[in-house]
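Me: I would like to walk through this structure with you. Can we go question by question?

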Amino acid sequence: MVLDPPLASPIVGRLVVIGVGLIGSSILHAARARGLAGTRVAYDASPAVRERVLALGLADLVAATPEQAVRDADIVILCVPVGAMGAVAKEIGPHLKQGAIVSDVGSVKGAVLSALRAHLPEGVHIIPGHPVAGTEYSGPDSGFATLFKNRWSILTPPEGADPAAVAKLVELWSAMGANVETMTADHHDLVLAITSHVPHLIAYNIVGTAADLETVTQSEVIKYSAGGFRDFTRIAASDPTMWRDVFLNNREAVLEVLGRFTEDLIALQRSIRWAEGDKLFDLFTRTRAIRRSIIEIGQETAAPDFGRAHD
Ligand SMILES: NC(=O)C1=CN([C@@H]2O[C@H](COP(=O)(O)OP(=O)(O)OC[C@H]3O[C@@H](n4cnc5c(N)ncnc54)[C@H](O)[C@@H]3O)[C@@H](O)[C@H]2O)C=CC1
Ligand SMILES: O=C(O)C(=O)Cc1ccc(O)cc1
């Protein structure tokens, strides 16, 4: 997969990425490949990451402090774990110029919007975002320019957001190959609870359960893991800090979906106990149709390919 050729002129003057892990480095790769920014600036709290960003040539300037990073910034994208968004906003708030756009890529949107609003000054445009694209890998070496290509990127502008600022971000994400959708933060958090957050929790749980079984050894789990379990182990290898923050910051929606999930699981348990084969067959037929319709609308290849190129 390749990105389109570089643009004739950049979309943004000074683009600042704070937190250069998987997502931050992928944005910088895409921005470099397509010439999206006049100047690419990066900052990360970790000195080792800052060194890597320099070595990889991902930014024109690697700042030593958040204050230095955001000076004269046109667009700042916070790419740190959800639980760190507020602290970063507090650090950069006093140093942003009027009219700057501050966005983020966090997997939860309601809590991030509150954290940004609490710390950013009037006159700065807050337009939260979330590229629904990623892998189980972390860090500055795991990013790549095509991560967002043909994936959705969701923007959750608050009521009254400046349309020009929203349009600028739509342009930026589109230039990185993403399809852009806007919705409210609350709706985002409910949708992502069912499509991403609870599935990750299920993966963490099943892998934990397998590890705790006393009568089945670890080596048997590895040796006999069929496709389904292997896919769960991939998801359960995702970053612990990131996912702890997701669950602590999307509690309401995750608990709502988990409640429904638990009820449905208990119904399945009953069907198995009472040998209600028809009920099992009907559910499995319905779920197969859902999978096939996802493939038809082109949201998935026949086999999941998140991160496969990087295995
Ligand atoms: N990993 C994934 O597949 C996806 C992640 N996201 C979201 O993107 C954000 C970043 O995730 P990743 O890139 O995967 O994480 P990562 O762990 O690869 O990178 C995060 C970086 O942020 C830095 N950082 C942490 N606290 C900081 C602070 N206070 N100031 C400056 N830098 C700080 C860390 O040193 C690290 O380099 C998270 O909010 C996550 O929810 C969104 C879509 C997909
Ligand atoms: O690796 C996977 O399968 C993912 O689901 C990646 C992912 C993780 C978190 C997000 O907020 C969006 C995408």
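The questions below cover the domains, the ligand shell and the helix packing.

Reply: This is a predicted model, in which local features need pLDDT of at least 70, side-chain atom pairs count only at pLDDT 80 or more, and totals for chains, interfaces and linings use all residues. Residues are numbered from 1 along each chain as its sequence is written, while chains are lettered from A and ligands numbered from 1 in the order in which they are written.

Me: How far apart do the C-alpha centres of domain 1 and domain 2 lie?

Reply: The chain is divided into domain 1 (12–183) and domain 2 (187–274). Those bounds come from an automatic or database domain assignment. The C-alpha centres of the two domains are separated by 29 Å.

Me: How many residues of domain 2 are in contact with domain 1?

Reply: Two residues are in contact if their C-beta atoms, placed from the backbone, lie within 7 Å. On that basis, 14 residues of domain 1 meet residues of domain 2, and the number on the domain 2 side is 17.

Me: Which helix gives the most to the shell around ligand 1?

Reply: A residue is near a molecule if its C-beta atom, placed from the backbone, lies within 6 Å of it. Of the 30 residues around ligand 1, those that come nearest include Gly 19 and Ser 107. Both domain 1 and domain 2 supply at least three residues of this shell. The top contributor, with three residues, is α1.

Me: Are α7 and α9 roughly parallel or roughly perpendicular to each other?

Reply: Helices are DSSP runs (H or I, at least four residues), numbered from the N terminus. Helix α7 (residues 185–212) packs on helix α9 (residues 227–235) at an angle of about 110 degrees, with axes 8 Å apart; axes are lines fitted to C-alpha atoms over the stretch in contact, and angles run from 0 to 180 degrees between N-to-C directions. Angles under 35 degrees count as roughly parallel, over 145 as roughly antiparallel, 65 to 115 as roughly perpendicular and the rest as oblique. α7 and α9 are therefore roughly perpendicular.

Me: Are α7 and α11 oblique or roughly perpendicular to each other?

Reply: α7 and helix α11 (residues 251–273) pack at about 60 degrees, with axes 9 Å apart. α7 and α11 are therefore oblique.

Me: Which residues of α11 make the contact with α7?

Reply: From α7, the contact takes Asp 189, Leu 190, Ala 193, Ile 194, His 197 and Val 198. The α11 side consists of Ala 253, Val 254, Val 257, Leu 258 and Phe 261.

Technical notes: Helices (H or I, at least four residues) and strands (E, at least two) are DSSP runs, numbered from the N terminus.
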